[in-house]
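Hi,

Here is the structure I said I would pass on.

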Amino acid sequence: MSFELQASLHARNFDMSLSLADGETVAILGPNGAGKSTLLGVISGLLRPDSGSARIADKQLFNLDDGTRLWKAPHLRGTALLAQEALLFPHLNALDNVAFGPRSAGASKVAARETAQHWLAEVDAMPLANRKPSQLSGGQAQRVAVARALAAEPELLLLDEPMAALDIHAAPLLRRVLKRVLKDRKAIIVTHDVLDAYMLADRVIVVEKGRIVEEGPTRDVLERPRSHFAAGLAGLNLVTGTLTEEGITTPDGRVFAGQHDSGWSPSPGQAGVAAFPPSSVSVFLGDVHGSPRNSFPVTITDLEPHGDQIRVRAAGGSAQALSADITPAASADLGLVPGMDVRFVVKSALVAVYPA
Amino acid sequence: MNRRSTFGYHGVPRWVYAVAAVGGMLVVLPLVAMVAKVNWPQFIPLITSEPSLAALGLSLRTSAASTLLCVVLGVPLALVLARGEFPGQRLLRAFVLLPLVLPPVVGGIALLYTFGRQGLLGKSLEVAGIQIAFSTTAVILAQTFVALPFLVVSLEGALRSAGNRYEAVAATLGARPTTVLRRVTLPLVLPGLASGAVLSFARSLGEFGATLTFAGSLEGVTRTLPLEIYLQRETDPDAAVALSLVLVAVAVAVVGLSYGRRRGSAASGGQA
């Protein structure tokens, strides 16, 4: 493993350990305040944890365990940080911004500018070389910031929601640039966007409340989520409970029937989840005769447009939030309003059940 | 930047204008009265007499030197006050700002008991053959003493409002703290530093009480323009008024320079 970290910071209720292989890009997903930025701060040396240690290959970044107090200053770490805002130095033009890292490493003015030109070209920003940051659009500035971070030749690149402050037209270009430059590069990217995770990351780590709650290859985590946050990103309903022959049973006794993985042999009492798309849920008023399986009384909390459908959010007895997607016509026919008691019926053929 | 509302309404009661007019008159009227008193036919000879030119030259030289000293000492002070974290930080800030509210003559006495012959450091300096009190060096020290807070206050404000996000980015790009200071922090707060330096220069130029107490009034050595004006007032009121007008002109230029700079930086400071 070429990057390893274990750190805890009590004041922020933060305790994580993770590692990256060479050339691996990891996406950190999680709700606001989950500790994503804290993680990047600890790695880059801008924030000091109470205990823990980290190293890149043989280089120890910090070690605060076992009575040692090793703490490498940020400029000695080789962990360039790219934030939500480009934060280009306003008094330098784009080229000199990019040349900043090489200059700081001791390169001559001429050599640093050559390096800077190379990286500006790499992010398709060569024509912007002589512009001041105030003359750049958000997307252009962020591309220059990417070049600036790469020109510092970081051993580990840290990206803190680099696309979050961009408008929807600028984000795709930057995403393509990042996809190209992050290939075969060690990087950690904090993001809110599933697309970023799919396009840029080999692996995702889901964090909640300062802890890692789920990790794995991007596709696995987003197609078979085990945490509510990942399920939300993937646009799936997620119900947690105990695995049974039929599906899963929630703590309050509801049974979600579904499809087990092929070849799964039940071990009773094992914790499991049921995941299903909102489009597999239908909404009925009153009792459904014949009591089909997977039918649950719920109370509508919200109605909102979702593509060309209406997304009906509702809470059941176990307080596990569920969503259903129905057509606007159906919603109008049923006269749905928040606060209404209805019945959700889930097609069991579309419910995936797997161990948590 | 236009911060006026899109509507014409500004909500200032009319009587406020009346009081404000009185306040404005308090500043403008004495200046007008002085200009009215100027002996114009003799103006040029009065301000180019030998003692006048000596005093003006000394004032400009010592003020330039003390401004330089303010920058050299004030930049580190403002940095540790704005960015540092250490015990006694608030106390240090309070003491640095003290000369702003202290009567200058008290500052002069304090300096005398520090650098004078019998002073805290003066005794040792005397042994080493260095005499500071009643020399041009004393003038510069007195001016620096009263002018330093202007630079520190103005720069500390600029440092605080600039925040330290650029510095954090620069550090992760591999820049040592000294490189960050030289290539990022100082260029970012340059407008604040410049207006602080201009204010310090103006304060040094007008320094009177501390200079008279600590440096005395020796022509060509410690008699700066304000001291010369005070002396001339007794013997040659016309010369005093003419020299006063010179100081007013310099003050107006300084205020214009610093105000123009601030407006300029506000207009170009839209970068987030």
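A:Asp184 counts as exposed because it has 9 C-beta neighbours inside 10 Å; the cut-offs are 20 or more other C-beta atoms within 10 Å for buried, 12 or fewer for exposed, and partly exposed in between, with C-beta atoms placed from the backbone. You will find A:Asp184 in the loop between helix H5 (171-182) and strand S9 (187-191) of chain A. Its phi is positive, about 60 degrees, although A:Asp184 is not a glycine.

Before I go on, the housekeeping: this is a predicted model, where local features need pLDDT of at least 70 and side-chain atom pairs count only at pLDDT 80 or more, while totals for chains, interfaces and linings use all residues. Residues are numbered from 1 along each chain as its sequence is written, and chains are lettered from A and ligands numbered from 1 in the order in which they are written. Helices (H or I, at least four residues) and strands (E, at least two) are DSSP runs, numbered from the N terminus.

A:Asp124 sits in the loop between helix H3 (109-122) and helix H4 (138-151) of chain A, and it counts as partly exposed because 16 C-beta neighbours lie inside 10 Å. A:Asp261 belongs to the loop between strand S15 (259-260) and S16 of chain A. It is exposed, with 10 other C-beta atoms within 10 Å. From A:Asp261 to A:Leu158 there are 103 residues in sequence and 37 Å in space, C-alpha to C-alpha.

Now the strands of chain A. Six of them make an open sheet with mixed pairing, in the order S7-S8-S9-S3-S10-S11; two strands pair if DSSP finds at least two bridges between them. Strand S7 (81-82) and strand S11 (211-217) are at the edges with a single partner strand each, so one side of each has no neighbour in the sheet. S7(A) runs parallel to strand S8 (residues 157-160) of chain A, and two bridges join them. A:Leu82 has A:Leu159 in S8(A) as its bridge partner.

Strand S12 (residues 237-243) of chain A is worth a look too. It is mostly covered, with five of its seven residues buried. S12(A) pairs in the antiparallel sense with strand S16 (residues 271-276) of chain A over six bridges, and there A:Val239 stands opposite A:Ala274. S12(A) also pairs with strand S13 (residues 247-249) of chain A, antiparallel over two bridges, where A:Thr242 is opposite A:Thr249. S12(A) and S13(A) form a hairpin with three residues between them. As a reminder for when you look at the side chains, in a regular strand they alternate between the two faces of the sheet.

On to chain B, which has 13 helices and zero strands. Its C-alpha atoms fill a box of roughly 65 × 65 × 30 Å along the principal axes. Of the 272 residues in chain B, 36% are buried. Among contacts in chain B with a separation of 6 or more, 76% come from residues 24 or more positions apart; a contact here is two residues with C-beta atoms, placed from the backbone, within 7 Å.

Helix H4 (residues 89-101) and helix H7 (residues 136-162) of chain B pack at an angle of about 120 degrees, with their axes 8 Å apart; axes are lines fitted to C-alpha atoms, for helices over the stretch in contact, and angles run from 0 to 180 degrees between N-to-C directions. That makes H4(B) oblique to H7(B), since angles under 35 degrees count as roughly parallel, over 145 as roughly antiparallel, 65 to 115 as roughly perpendicular and the rest as oblique. B:Val96, B:Leu97, B:Pro99 and B:Leu100 in H4(B) meet residues of H7(B) including B:Phe145, B:Val152 and B:Val153. By class, this contact of H4(B) with H7(B) has 10 nonpolar, no polar and no charged residues; Ala, Val, Leu, Ile, Met, Phe, Trp, Tyr, Cys and Pro count as nonpolar, Asp, Glu, Lys and Arg as charged, and the others, Gly among them, as polar.

Last, the contact between the chains: 18 residues come from chain B and 21 residues from chain A. H8(B) gives the largest share of the chain B side, seven residues. The residues on that side divide into 11 nonpolar, five polar and two charged.

Cheers
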